[in-house]
Amino acid sequence: MFKLHTDLAPKGDQGHAIEKLSEGLSKYKYQTLLGVTGSGKTFTIANVINKVNLPTLVISPNKILAAQLYLEFKDLFPENSVEYFVSFYDYFRPEAYIPEKDIFLEKKFELNEALELLKIKAVASLQERRDIIIVASVSCLYNIGKPSNFKEMGIYIEKGENYNRRELLEKLVEIQYNRNDFSPLPGTFRARGEILEIFPAYSDKIYRIEFFDDEVEKISLLDPVTRRGFSRDFVMIYPAKHYMVRKEKVKKSVQKIKEDLDRRLKELNRQNKFVEAQRLKERVNYDIEMLKATGYCRGVENYSIYFEDRSPGEKPYSLLDYFPKDFLMVIDESHIAIPQIKGMYKADRTRKSILVRYGFRLSSCFENRPLKWEEFKGYMKKVIFMSATPGEYECKLSRIVEQLVRPTGLLEPKVSIKKPDMEDLVQKIKEKGRSLVITVTKREAEKIADYLNENDVKAEYMHSDINTEERVEIIRNLRFGKTECVVGINLLREGLDLPEVPLVAILHADKKGFLRTDTSLIQIMGRVSRNVEGEVVLYADKTTDAMKKAIKEIERRRRIQEEFNMEHGITPETIKKKVYSGLVKKKISKKEEKIQKLKEELKKAFEDLDFVKAVEIREKIIDLES
């Protein structure tokens, strides 16, 4: 059962929207919550989840919005499982080949271990709980392996049962846990005498297993720092990586890979593509040797079809397959998320077609892909679209539930149009205080942030090159007042909740393109509709039709709110909203981790009276610390 923790009661249109959406889930497949910015759409959805008690997947169009929703739901449902599932790369460039220039680009990425652990935690929690909300980006549509494979790879340990400890350790290594007898880190285990301690990749507790001979005498879940905890009768240890395959499965799969390789090599040789054939032979044979030796290889996901017994063209297994069939799907900022989902498969297929044609991959790589739009629709059984500006698709398909009145009485911001003038921009920011400046390119965002800093305005830029945790930190700094201005592009459009910010300045407001449509402009303007002093300045040389439409709609919504305020005697007040401490706990650096390990070794050397070794270790610690 979900348990909503809040002192707030539904106000304005919220109560009506909660009732209609909750009742509608039994009658309608698709519903849309059309809620103006600042009307409390997240609070409404939280109340719906609390009423219907269904496992819920919330899909958001980008990481920063997903992070905000995750922290809000976590605060509203502290007793339930609220998880975060986004791409675990801070930077990712997929492998690609440019035939015109004969350039092959290797896959390049920066892995964020904290996000990887959160993804694994989300999948593991789905195996055991129904009171679960997973907030995900559209990366949840990508292949992560067969649910039954993930569950089968888990290790079940029960108090009172007998286990061969050597086999148990081998199983832990097989599911990608590393042995570390000095320092407990997520995804590691240590074995000392009759005590086995496992630090699961997805948990903040250490699982301590105490044996008497081969019998499990006691199971405890301990805090890694205080070493305090509680006893359990059993534990389930899930894999430390998403994509795991048993050794027996690898052996069978390797034979199928070899057969497909031979078939493809004959095709290439018949076409006189000898260079491509040689290239493919070397690459795939290397992967085969790695699979045979370790059960893993770089790019193992490109062979997923063999491990999962899928036929070519059959849909892959995504996060959606791990949910029970009756789950609720909420698509946040649906006017952005739906087009994103529709375009994912085509872009992936185009890139891989070139890799296959020129001998960089077997055709099996096509099967490691996101869901096609038609496949995704098969999971849409109970859906709530959520947006202040729903797209044509949602409006035609679903029943619309409106939430146009803000409980706070806040009005839509005042809008003015000005000629481009950087001095005026600086003056306006200093006059209003905290602000958002929206531009159209990364380079310009950086240059404007530098210009503002040179003119005594504390500014930071934010775009797609900034990693997820840094983005969350930048927004927190703005809300706390450590930063006066954040300069960005489309990352600052949808859903960003910044009640302390009274000013949005939109540069190049008259520029044509999707970033300056009437829908986009309304979304950007909505960033200051949570502040009683909210104001929007459009810097433009001319007034476009999109600008006129956006201003007209903002003024219409402003009138509706004014009428409601007069009728109910409401005086608008700026929203006061909690500032969350951050997405994940800060991870220690590699150097700090190394020093920590050396200190453990130093302690052991003293215990063993090996003073020569102790002196050597101490010198290493001093060198690192200096």
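## Exposure, contacts and charges

Me: What is the relative accessible area of Arg-227, and into which class does that put it?

Reply: This is a predicted model, where local features need pLDDT of at least 70, side-chain atom pairs count only at pLDDT 80 or more, and totals for chains, interfaces and linings use all residues. Residues are numbered from 1 along each chain as its sequence is written, and side-chain values use heavy atoms, without hydrogens and water. Buried means under 20% relative accessible area, exposed means over 50%, and partly exposed lies in between (1.4 Å probe, protein chains only). Arg-227 has 31%, so the class is partly exposed.

Me: Where does Arg-227 lie, and what is its phi?

Reply: Helices (H or I, at least four residues) and strands (E, at least two) are DSSP runs, numbered from the N terminus. Arg-227 sits in the loop between S14 and strand S15 (229–232). Most residues other than glycine have a negative phi. Arg-227 is not a glycine, yet its phi is positive, near 65 degrees.

Me: Asn-272 also has a positive phi; is it buried or exposed?

Reply: The phi of Asn-272 is about 60 degrees, although this residue is not a glycine. Its place is the loop between helix H7 (247–270) and helix H8 (274–294). The relative accessible area of Asn-272 is 56%, so this residue is exposed.

Me: How many aromatic pairs are there, and of what kind is the pair Tyr-97 and Tyr-358?

Reply: Rings of Phe, Tyr and Trp (its six-membered ring) pair if their centres lie within 6.5 Å; planes under 30 degrees apart count as stacked, over 60 as edge-to-face and the rest as tilted. The count is 14 aromatic pairs. For Tyr-97 and Tyr-358, the ring centres are 5.0 Å apart and the planes stand at 50 degrees, so the pair is tilted.

Me: How many residues apart in sequence are the parts that Tyr-97 and Tyr-358 tie together?

Reply: Tyr-97 is buried at 9%, while Tyr-358 is partly exposed at 22%. Tyr-97 belongs to strand S5 (residues 96–98). Tyr-358 is in the loop between helix H10 (334–357) and helix H11 (373–377), so the parts tied together are apart in sequence by 261 residues.

Me: What is the angle between the planes of Tyr-303 and Tyr-306?

Reply: Tyr-303 is buried at 3%. Tyr-306 is buried too, at 7%. Their pair is tilted, with a centre-to-centre distance of 6.4 Å and an angle between the planes of 35 degrees.

Me: Which residue forms a salt bridge with Arg-129?

Reply: A salt bridge needs a side-chain nitrogen of Lys or Arg within 4 Å of a carboxyl oxygen of Asp or Glu. The whole structure has 38 of them. Arg-129 is partly exposed at 35%. Its partner is buried at 14%; the closest N and O atoms are 2.8 Å apart, and the partner is Asp-131.

Me: What is the N to O distance between Glu-197 and Arg-190?

Reply: Glu-197 is buried at 6%. Arg-190 is buried as well, at 13%. Their side chains meet in a salt bridge, N to O, at 3.1 Å.

Me: How far apart are the closest N and O atoms of Lys-315 and Asp-321?

Reply: Lys-315 is partly exposed at 30%. Asp-321 is partly exposed at 21%. These two form a salt bridge, and the closest N and O atoms are apart by 3.4 Å.

Me: How far apart in space are Lys-151 and Pro-239?

Reply: Lys-151 is in helix H5 (residues 147–152). This lysine is partly exposed at 42%. Lys-151 and Pro-239 are 88 residues apart in sequence, but in space, C-alpha to C-alpha, the distance is 8.6 Å.

Me: How far apart in space are Glu-19 and Asn-47?

Reply: Glu-19 is in helix H1 (residues 14–24). It is partly exposed at 37%. Glu-19 and Asn-47 are 28 residues apart in sequence, and their C-alpha to C-alpha distance is 9.4 Å.
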